[in-house]
Amino acid sequence: MEDEPLSRKAEEGSSSKQSQRQQERQGKLPRRRKEVKRSLRRPDCPEHLSGGSAHWLPEHSGSEASASVEDTAESCPKRWDRCRRGHFLHGPYPATHFGPKACVLPNPTSVMHIQDPASQRLTWSKPPLNVLVIRKIRDETLLEPFKELCRFLVEEKHLMVYVEKKVVDDGSLMRDDSFSAICNQLCTFREGFDDISDRIDLIICLGGDGTLLYSHLLAIGCSLCGSVPPVMAFHLGSLGFLTPFKFESFRTEVDKVFEGNAAIILRSRLKVKVVKGMVQRNEQLLSTQENGILPHNHINNEAGKITLQLQVLNEVVVDRGPSSYLSNVDLYLDGRLITSVQGDGVIVSTPTGSTAYAAAAGASMIHPNVPAIMVTPICPHSLSFRPIVVPAGVELMITLSPDARNTAWVSFDGRKRQEIQHGDSIKITTSCFPVPSICCHDLVYDWFDSLAQCLHWNVRKKQTRLTDASDSSETEN
């Protein structure tokens with residue numbers, strides 16, 4: 001008797017659902033599925049960027065979303081037309097849905113998403129006021145371009161210009177009386193003593209790729225816990241793979257950047273930690289444990305001491321140093337042993353660094369917009385050890401193998417080289433804060449143009465066209 005009310009309720013519920021479905025089919029009621037799809041849609045125009053990093057308009061529901069879109073479209077009609085192509089390729093952010101019920105587990109710490117490359121545009125929430133100008137030191141040919149740029153920024157654009165103190169103390173610059181008035185208005189700082197990372201709105205580099213890497217270590221390397229300013233690099237060096245702008249048109253190019261809506265490429269960085277004395281050396285605990293998992297008694301978190309923490313734009317190189325023996329290091333991925341590298345060393349690089357040392361070691365070249373980490377062995381002892389690409393966000397750890405005959409050496413973008421002993425470890429993962437590099441044309445064209453101009457990619461002699469007289473197949477027939 002107690003089951004009768006329940007069965008009646010179930011029958012009534014099923015009948016009501018059937019009637020509702022029939023009404024939906026007849027067009028009397030709107031389909032709920034369409035409402036869900038409409039609620040999942042989001043505006044396709046990015047909001048103003050902060051510190052050069054790209055963001056999107058937050059999710060709204062109902063009339064609030066349409067109102068915000070209309071306000072944004074009215075305030076910036078040109079920007080709205082240009083960024084209509086912008087959309088997420090894998091569904092709404094931050095949760096990606098698969099079918100009616102499946103979705104990716106929400107992660108509040110997630111910072112990566114796939115978007116249309118054409119939608120990566122730089123704009124300003126406030127007009128830029130402070131500009132850092134970095135010039136290649138000990139190059140007299142850059143003295144005049146440096147003066148012209150500083151005059152333009154101070155006198156015409158009325159900006160606050162920051163330069164290194166050793167640049168201002170250059171004897172040839174101090175002897176120029178016509179530049180003394182501008183020189184007195186420049187703000188100077190000392191490398192390693194003054195932190196100006198929270199003041200700079202834009203970085204302008206005059207030099208080559210080495211100057212851009214130096215600016216990354218100098219100005220952006222201090223920002224370990226925050227966003228970094230955009231970088232505009234002029235090609236005044238030898239290689240110029242990372243410097244797309246020509247200085248002859250610097251006034252026009254700088255004005256375009258200040259107006260906003262400039263194409264940017266987000267170059268990912270590696271967050272690196274060097275931990276001393278974290279791994280306890282034990283000859284019995286070789287790196288051949290079951291399933292390759294690092295044993296808990298093999299790690300001593302209390303003894304570990306972080307001696308170096310920095311962010312790398314190109315690569316982390318671990319090599320054998322001056323020793324004549326092969327290096328022998330263990331490579332872990334998220335705490336699990338992947339392999340032991342026996343050879344001259346290993347390169348862990350970003351997509352930006354894949355066209356540098358890693359490319360010379362036989363790795364593939366990855367577009368900087370691809371979220372990945374490249375692992376490349378240097379002259380491995382095994383010929384089957386090929387370079388691999390792992391997902392961005394995983395944590396790599398490199399330690400000396402317990403049976404290694406010698407120590408190893410590590411360097412970061414070619415700097416801060418130091419020795420790695422038994423018990424030390426190097427932890428590497430993707431940084432949450434990429435370097436927004438301003439493009440001259442767009443992020444696809446600039447990269448392929450650099451491959452052609454600097455690396456002569458796929459440059460060869462072309463085959464001549466076959467003529468009717470030389471076509472043997474046609475003459476035989």
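Mentor: Start with Asp 255, which is partly exposed because its relative accessibility is 27%. Partly exposed lies between buried (under 20% relative accessible area) and exposed (over 50%), using a 1.4 Å probe and protein chains only. The model is predicted, so local features need pLDDT of at least 70 and side-chain atom pairs pLDDT 80 or more, while totals for chains, interfaces and linings use all residues. Numbering runs from 1 along each chain as its sequence is written, and side-chain values use heavy atoms, without hydrogens or water.

Asp 255 and Lys 157 meet through their side chains in a salt bridge, 3.0 Å from N to O. This pair spans 98 residues: Lys 157 sits in the loop between H5 and strand E5 (160-164), Asp 255 in helix H10. A salt bridge here is a side-chain nitrogen of Lys or Arg within 4 Å of a carboxyl oxygen of Asp or Glu. Helices (H or I, at least four residues) and strands (E, at least two) are DSSP runs, numbered from the N terminus. Lys 157 is partly exposed, because its relative accessible area is 27%.

Next comes Glu 156. It bridges to Arg 251, with the closest N and O atoms 2.8 Å apart. Again distant parts are linked: Glu 156 is in helix H5 (residues 143-156), Arg 251 in helix H10 (residues 250-259), 95 residues apart. Glu 156 has 46% relative accessibility, so it counts as partly exposed. Arg 251, at 38%, is partly exposed too.

Now turn to Arg 417 and Asp 319. Their side chains form a salt bridge of 2.9 Å, N to O. Strand E19 (residues 415-420) carries Arg 417, strand E12 (residues 315-319) carries Asp 319, and 98 residues separate the two. The structure holds 9 salt bridges.

Stay around Arg 417. Among the contacts of Val 410 beyond four places in sequence are Arg 417, Lys 416, Gln 418 and Val 316; contact means heavy atoms within 4.5 Å. Val 410 lies in strand E18 (residues 408-412). Its relative accessibility is 0%, so it is buried. Its C-alpha atom is 7.1 Å from that of Val 316, 94 residues away along the chain.

Thr 350 is another buried residue, with a relative accessible area of 1%. It belongs to the loop between strand E14 (336-349) and helix H11 (357-360). A polar atom of its side chain is 2.6 Å from the backbone oxygen of Leu 313. Beyond four places in sequence, Thr 350 also contacts residues including Ser 268, Arg 269 and Asn 314.

Strand E21 (residues 435-438) is covered on both faces: Val 435 and Ser 437 are buried on one side, Pro 436 and Ile 438 on the other. It pairs antiparallel with strand E9 (residues 262-267) over 4 bridges; pairing needs at least two DSSP bridges. Leu 266 has Pro 436 as its bridge partner.

Now the whole chain. There are 13 helices and 21 strands. Of 477 residues, 44% count as buried. Among contacts with a separation of 6 or more, 74% join residues 24 or more positions apart.

Note on methods:
A polar contact is a pair of N or O atoms within 3.5 Å; within protein, one must be able to donate a hydrogen and the other to accept it, and residues adjacent in sequence count only if both atoms are side-chain atoms.
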